[in-house]
Amino acid sequence: MEHFPPATGPAADDAITAFRERVVDKLTYYVGKDPGHALEHDWFVATALATRDYITRHWMDSTRRTYREGSKRVYYFSLEFLIGRQLFEALGNLGLIETARQALQDLGVDLDRLRKREADPALGNGGLGRLAACYLESMSTMRIPAYGYGIRYDHGIFRQALNDGWQMELPEDWLSSGNPWEFERPEVTYTIGFGGTVEVQENTDGSTKSVWHPADSVKAVAYDTPITGWRGAHVNTLRLWSARAADPLSLEDFNRGDHVGALAERVRMEAISRVLYPSDHTPAGHELRLRQEIFFASASLQDILRRHQSQHGDLLTLPDHVAIQLNDTHPVIAIPELMRLLVDEHGMNWELAWDITRTVFNYTNHTLLPEALEKWSVPLMEGLLPRHMQIIYLINALHLDELRTRGCDDAKLLSTVSLIEENGGRSVRMGNLAFLGSSHVNGVSALHTALMRKTVFKDFESLYPGRIINKTNGITFRRWLYQANPTLTDLIIRAVGPTVLDDESRLHELVPYADDSSFRDRFAAIRRANKVALGRLVADRLKIPLNPDAIFDVHIKRIHEYKRQLLNLLETIALFNEMRAKPTGQWVPRVKIFAGKAAAGYHQAKLIIKLATDVARIVNRDPVVRDRLKVVFLPNYNVSLAESIIPAADLSEQISTAGMEASGTGNMKLALNGALTVGTLDGANIEIREHVGDENMFIFGLLAEEVAERRRAGIDATADIAASPALNQVLEDLEKGIFSPDDRSRYKDLVDGLRHRDFFMVCADFESYRAAQQRIAADYRDPATWWKKAILNTARMGWFSADRAILEYAHQIWDAGPEKG
């Protein structure tokens, strides 16, 4: 393993000089600026390009080694890769942060200011994309040869802005100043077809073959970003596809004077890589999503087959050298696409192609929510992907025939496991296709996997026992501790030694320090400094002053009803009411911090954001509560904002309705940094409790089986509300418009839904949640108790490393081992 440059001495001086000279070279010959006139962004680009040179050397070495050893490659298919800013991740993993800092300081440039000049890549939205990014970095660290495959979105999902508290969606412009980390590969281009017809041709031996004649097509152009592992151990590739029209314009229309119409086809085709998750509330939006999925799946598979044939020749050996992980249902169209490529394009017989397909693919399920288990209408599939629809029909027919030969003649069971849903309009069940076409199917926490077996894949589990396995999520400690919280990292190193940076399990050696009052004081001082820094950010963006001695109570995640930001807001209002009723009470100050985006078409989630801002407006101006309670909603949540919030968090809100959160990774990041969790027994909260200890968390609420029982009995919450005077008062306040004086009826429908359709158990769990919050306040009054728990959270989170998760995938799913150094 490569060692970092020495911190002092001649070798360190040489490293600083070399880095400084490389930056000036890039500034002069690539950016085209004189150092005396360069702007801050110019220096950022030059520094990024200089850093990329160091990465590229490791990248070339890694690629050559993979080819030389004939190693099996892992291909991670994901519609999202939320990689975050790359400068400090790359410098940190190469051990060059202090080298770069000193080199730039010699040039009169501040590295930390340059860090803020980098745009967050708009390549994802939430936990799904961040997990993919963590796993790709961990595969590099663990020396597992891999490619990440996705789409190079021009404008991401959207940039969130607030207009009078309402979410507004604006296009991201992260590429407006270029992307210094990527390499365009115009020579790596593939054609993807849509629509058209399928012709059956007869071969000379009397057999037949299907030939697809697409009506139109688009080009997929590759852009590569090298992803560096810890200490430069290995560098893998993130290959993203950008859509390019076959013809840049219709010259005939242009010359006829229709200058806009001449570009219409180009705009239509290149829309594929414009935006992540285009709204599917229109037929055109629905079709565009399917175009995106086949676009990146087909380009990636064509690329894999080309690489395999170039290196190994025979496609029959594909399973020996290729493992493909499907990150949720979005890439599942790759299963029939690989069948099409093998059978139609490469002349392989069906049975052999299906055996290969089922061997190379593996599928990670991330949610049991119906909207995430995609279904595509049969008419749309037949129109846009006619050959794929034929292949799906045949897979399904052979699948059902096989079950019948095994003695399964239960019509209901056969209907449930069919790839085609016949009720309410025929559609293709992509979750079923994922299961049938994969070697392994995994959940992402112990509870989630158990629920998969009992619910959405219950019948498949009975037919194919053992195919479902669990792989609890993990996070990369390099970004979420070492980079995000360097002062805490330094404290940990001073306590247990620097080898903890290479072995997260050594965090457990911090456990005795939880009883050391001096260590607790230093731990608390670091947290307070991080809170002061976050307070400056909030004051700058929202003009709201924060009290750093208050509990920083953090709820940062995608806005969704099952994640229950609404429950948090209702308890916040109840606390506000109590403080106003007892203004001289000994209240523990509290800062409620919310951040997250709502899907563009998700009205209820947007209403919850509006409620958060309405509550903030009333609470933050109240002369009675003053700085004892503040509420902030930070817009445009992304990786960089998370890196500012997480090190400052005292309390981690993980309060999803039990049984609905697959795993979560925010819970891991916050606990790793010493935030205490208030949460339900849902997702990975259960495993965090097993490692951290029940006494070091605040667990509340119904269990998953109790939620299911309540739903079977009915979801009217009248009795729950009657039993809670505090909740009843909060709901009455909302109905009366106390928090929406400009529109007193704004929340009437929301309250009516809570009273009579409490599907997400907000009212059912309110009193239990409120009691947990009261326990939290009591513990915070006792610093020794609070900081002991915080330190034990950090100390016991080593198991949740993405490195552990990746090794489990490698050994138990992919059959892929680390390369030799």
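This is a predicted model: local features need pLDDT of at least 70, side-chain atom pairs count only at pLDDT 80 or more; totals for chains, interfaces and linings use all residues.
Residue numbers start from 1 along each chain as its sequence is written, and side-chain values use heavy atoms, with hydrogens and water left out. Local features need pLDDT of at least 70, and side-chain atom pairs count only at pLDDT 80 or more, while totals for chains, interfaces and linings use all residues.

The whole structure holds 68 salt bridges. Each is a side-chain nitrogen of Lys or Arg within 4 Å of a carboxyl oxygen of Asp or Glu.

Start with Lys 592 and Asp 553, whose side chains pair at 2.9 Å, N to O. Lys 592 sits in strand S18 (residues 590–595) and Asp 553 in strand S17 (residues 551–556), so the bridge ties together parts 39 residues apart in sequence. Strands (E, at least two residues) and helices (H or I, at least four) are DSSP runs, numbered from the N terminus. Lys 592 is buried, at 0% relative accessibility. Asp 553 is buried too, also at 0%. Buried means under 20% relative accessible area, exposed over 50%, and partly exposed in between (1.4 Å probe, protein chains only).

Next comes Arg 564, bridged to Asp 765 with the closest N and O atoms 2.9 Å apart. This pair links distant parts of the chain, 201 residues apart. Arg 564 lies in the loop between S17 and helix H22 (565–581). Asp 765 lies in the loop between helix H30 (748–756) and helix H31 (766–780). Arg 564 is buried at 0%, and Asp 765 is buried at 2%.

Finally, a network of salt bridges links Asp 164, Lys 610, Asp 614, Arg 617, Asp 742 and Arg 746.
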